[in-house]
Number of protein chains: 2
Amino acid sequence: MNKFSSNRAQGIKPFYVMDLLARAGQLQAEGRSVIHLEVGEPDFATAQPIIDAGIAALQQQHTHYTAALGMPALRQKIADYYLREYGLEIAPERIVITPGASGALQLVLAALLDVNDEVLLSDPGYPCNRNIAQILGAKTRAAPVSADTAFQLTAEQVDAHWKSRTRAAMVASPSNPTGTLIAPQALRRLQQCVAAHKGFLIVDEIYQGLVYSGNKFTALQLEEEDDNLIVINSFSKYFGMTGWRIGWAVLPERLVEVVDRLAQNLFLAPPTVAQHAAMRALDADCMAIFDSRVEAFRQRRDYLLPALRETGFKIGAEPQGAFYIYADCSDFSRDSFSWCHNLLESEAVAVTPGIDFGEHRAGDFVRFAYTRPVEQLEIAVERIINYINKNQ
Amino acid sequence: MNKFSSNRAQGIKPFYVMDLLARAGQLQAEGRSVIHLEVGEPDFATAQPIIDAGIAALQQQHTHYTAALGMPALRQKIADYYLREYGLEIAPERIVITPGASGALQLVLAALLDVNDEVLLSDPGYPCNRNIAQILGAKTRAAPVSADTAFQLTAEQVDAHWKSRTRAAMVASPSNPTGTLIAPQALRRLQQCVAAHKGFLIVDEIYQGLVYSGNKFTALQLEEEDDNLIVINSFSKYFGMTGWRIGWAVLPERLVEVVDRLAQNLFLAPPTVAQHAAMRALDADCMAIFDSRVEAFRQRRDYLLPALRETGFKIGAEPQGAFYIYADCSDFSRDSFSWCHNLLESEAVAVTPGIDFGEHRAGDFVRFAYTRPVEQLEIAVERIINYINKNQ
């Protein structure tokens with residue numbers, strides 16, 4: 001091999017869904033109507049009041065850099081949001097604005113992990129977590145999870161997998177790819193367990209608010225004196241601001257200064273217009289728009305979940321948010337990668353194979369992202385049934 | 001020490017100018033009129049046609065993710081720009097859109113350097129280069145440069161400092177903090193030298209266009225079959241789009257695929273509205289606006305450079321762009337850090353001490369950023385003269 005780029009870069013596994021996306025594009029160009037259930041992006045555009053706030057910010061020439069950790073007014077407004085929505089008093093100094101949750105994740109991992117340090121994750125899980133750690137020269141240790149624990153890491157697993165170089169454990173609730181939640185009691189046990197190992201618990205709340213039970217929850221409600229909890233959040237999903245690239249993290253106070261220095265060097269600052277627009281997203285009247293979208297997602301899930309089960313997919317842990325269903329397709333195929341490719345070729349339905357989320361039983365699972373209207377989901381299910389019948 | 005964060009994070013030196021900025025803010029709150037010559041951001045807002053393009057993009061609801069390497073239309077438009085302005089045919093596939101030049105720098109260093117690999121830099125130089133390498137667990141080797149070589153790295157230095165783990169050398173033209181250029185012949189020698197070591201040459205052209213000679217130049221004009229040249233550029237400085245966070249890199253074709261995978265994981269995508277606005281920035285009529293701003297910067301330099309020399313600063317290498325003058329203050333002080341702090345306290349003029357740009361003779365230098373109108377520069381010079389007279 002002609003090695004011209006770094007091992008760290010070459011070692012990053014591609015997202016297999018990218019090939020599917022490219023092929024779906026070709027099929028569309030050939031005139032076929034592809035149904036996209038592979039993309040983790042809501043179909044809704046950003047809500048109009050937020051767009052208007054972005055336009056107003058541009059009209060007012062807000063085009064210069066902000067502070068590296070974001071505008072103080074936005075940090076304050078997120079603190080106000082936690083007070084209004086969760087009754088929590090979070091010091092705005094602990095809230096740092098980032099270029100998307102991706103930026104937050106990178107800052108947090110760089111702040112905690114040295115080269116060869118480890119972070120403990122679930123398998124399946126969001127693949128960028130593993131890849132960002134690898135880009136930083138750090139390591140991930142993946143604990144296999146199943147429907148038995150709602151695909152969530154447990155305190156017992158943390159104890160079993162914690163090594164001398166482990167610095168943190170990470171969970172997501174709601175989770176990508178499974179749409180499952182972690183119960184508050186389970187999360188508290190996790191936090192205590194991680195604290196006993198003198199580590200940090202990173203909680204990915206990127207899909208916060210996209211939950212159908214109506215119960216609002218943040219890991220910050222559990223916070224004790226341990227001071228080892230890090231929450232990552234985003235304006236992309238619930239707030240519908242994907243392309244703006246804006247997110248945040250809530251940090252223990254002692255981490256803020258090093259994260260500031262990291263952010264100054266890695267990003268200089270988050271995008272200014274996105275920060276101004278995000279201010280508007282936190283207003284109560286905008287939340288009403290988002291909540292109506294959550295209701296639309298709930299209707300989609302309430303259609304798709306039983307429809308997939310009737311079709312023969314096994315879905316053991318109830319997906320309760322985050323517009324994803326992680327479905328066990330092993331009754332049709334133990335090679336979900338090929339199954340997804342063949343489904344796309346045969347029926348023009350695009351879904352993501354389990355391999356993009358880890359290795360544990362990856363061939364037995366596919367992820368459905370219900371980011372399309374119910375009418376399209378109905379057609380997709382028809383086509384999938386057709387495909388399965390053809391191949392039995 | 002209670003070590004709770006990573007060594008990589010704790011090892012990042014703070015930017016000393018941040019303390020100066022904070023203190024300047026306090027002085028302003030106390031009613032003093034501070035003249036800011038420390039900030040590396042043009043005082044101009046983004047040009048109106050670009051703002052209008054951003055507004056139009058929002059009105060058209062361009063709020064979703066783009067491809068990780070940016071919109072194909074923007075990559076094509078940058079290719080068109082190289083053809084129109086430099087007569088160069090660059091394949092658009094080699095042009096990757098990034099969240100600011102910071103994003104480009106991180107992608108490039110992550111693509112080239114493994115843990116403990118080295119990149120060769122000049123001292124003084126832009127401090128984020130060193131810090132991003134460190135965040136990645138890689139190393140920098142800094143070659144001391146002086147006015148004798150226009151503060152630019154030479155081929156001889158590359159030969160002298162190249163080690164078995166060195167993978168790349170990096171130069172900037174125009175340079176921050178010195179405002180100096182690298183001559184095309186010197187750059188060609190550098191490229192050949194780096195190629196002989198089988199390394200990559202990274203050329204930071206972030207201040208491209210902000211040059212007073214009128215001679216347009218890009219390192220891409222030198223490109224030979226070596227295929228080892230990487231150019232980093234930005235919409236922040238010449239194009240005046242700092243807060244939008246949008247830049248680009250031109251890569252050898254063989255690096256594009258790994259950079260794509262890195263970008264997917266680190267950033268997902270550059271900000272969408274910024275990409276649409278940047279499309280407009282590349283139109284010829286906008287360039288006329290930028291060129292009139294370059295003329296304003298030239299007038300400022302033409303005032304400030306002789307004024308500082310008359311005041312007693314030694315400026316050996318002519319600053320020819322990038323709104324910076326790196327001035328030798330050793331006739332007044334060999335401790336430029338304290339000198340800057342005292343100047344701010346005494347005269348309310350903020351400039352950046354050499355320590356922010358490296359270690360080589362850092363105490364002998366200060367950086368003036370002429371990002372304020374000539375009238376303010378005149379007052380600043382008066383105050384500096386006053387300060388020097390008081391302290392003789």
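Which residue of strand 6 of chain B is the bridge partner of B:Ala172? The partner is B:Asp204, and the two strands involved belong to a predicted model. In that model, local features need pLDDT of at least 70, side-chain atom pairs count only at pLDDT 80 or more, and totals for chains, interfaces and linings use all residues. Residues are numbered from 1 along each chain as its sequence is written, while chains are lettered from A and ligands numbered from 1 in the order in which they are written.

**The sheet in chain B**

- Seven strands make up an open sheet with mixed pairing, in the order 2-8-7-6-5-3-4; strands here are DSSP runs of E, at least two residues, and helices are runs of H or I, at least four residues, numbered from the N terminus.
- Two strands count as paired if DSSP finds at least two bridges between them.
- At the edges sit strand 2 (95-98) and strand 4 (139-144) of chain B, each pairing on one side only.
- On average, neighbouring strands are turned by 25° against each other, direction ignored (axes are lines fitted to C-alpha atoms, and angles run from 0 to 180 degrees between N-to-C directions).
- Strand 5 (residues 166-172) and strand 6 (residues 200-204) of chain B run parallel and are joined by five bridges.

**Helix 11 of chain B**

- Helix 11 (residues 284-311) has 28 residues and reaches 40 Å from first C-alpha to last, close to the 40 Å expected at 1.5 Å a residue (the expected span is 1.5 Å times one less than the number of residues).
- Its buried residues include B:Phe297, B:Arg300, B:Arg301, B:Leu304 and B:Leu308; buried means that 20 or more other C-beta atoms, placed from the backbone, lie within 10 Å of a residue's own.
- Among the elements covering those buried residues are strand 9 (324-328), strand 12 (365-369) and helix 13 (374-390) of chain B.
- Just past the helix, B:Gly312 takes a positive phi of about 120°.

**How the two chains meet**

- The contact takes 57 residues from chain A and 57 residues from chain B, where contact means C-beta atoms, placed from the backbone, within 7 Å.
- On chain A's side, helix 9 of chain A gives the largest share, eight residues.
- By class, that side has 31 nonpolar, 20 polar and six charged residues; Ala, Val, Leu, Ile, Met, Phe, Trp, Tyr, Cys and Pro count as nonpolar, Asp, Glu, Lys and Arg as charged, and the others, Gly among them, as polar.
- 100% of the interface residues of chain A are also interface residues in chain B, so the copies meet through the same surface.

Methods
Contact = placed C-beta atoms within 7 Å. Buried ≥ 20, exposed ≤ 12 C-beta atoms within 10 Å, placed from the backbone.
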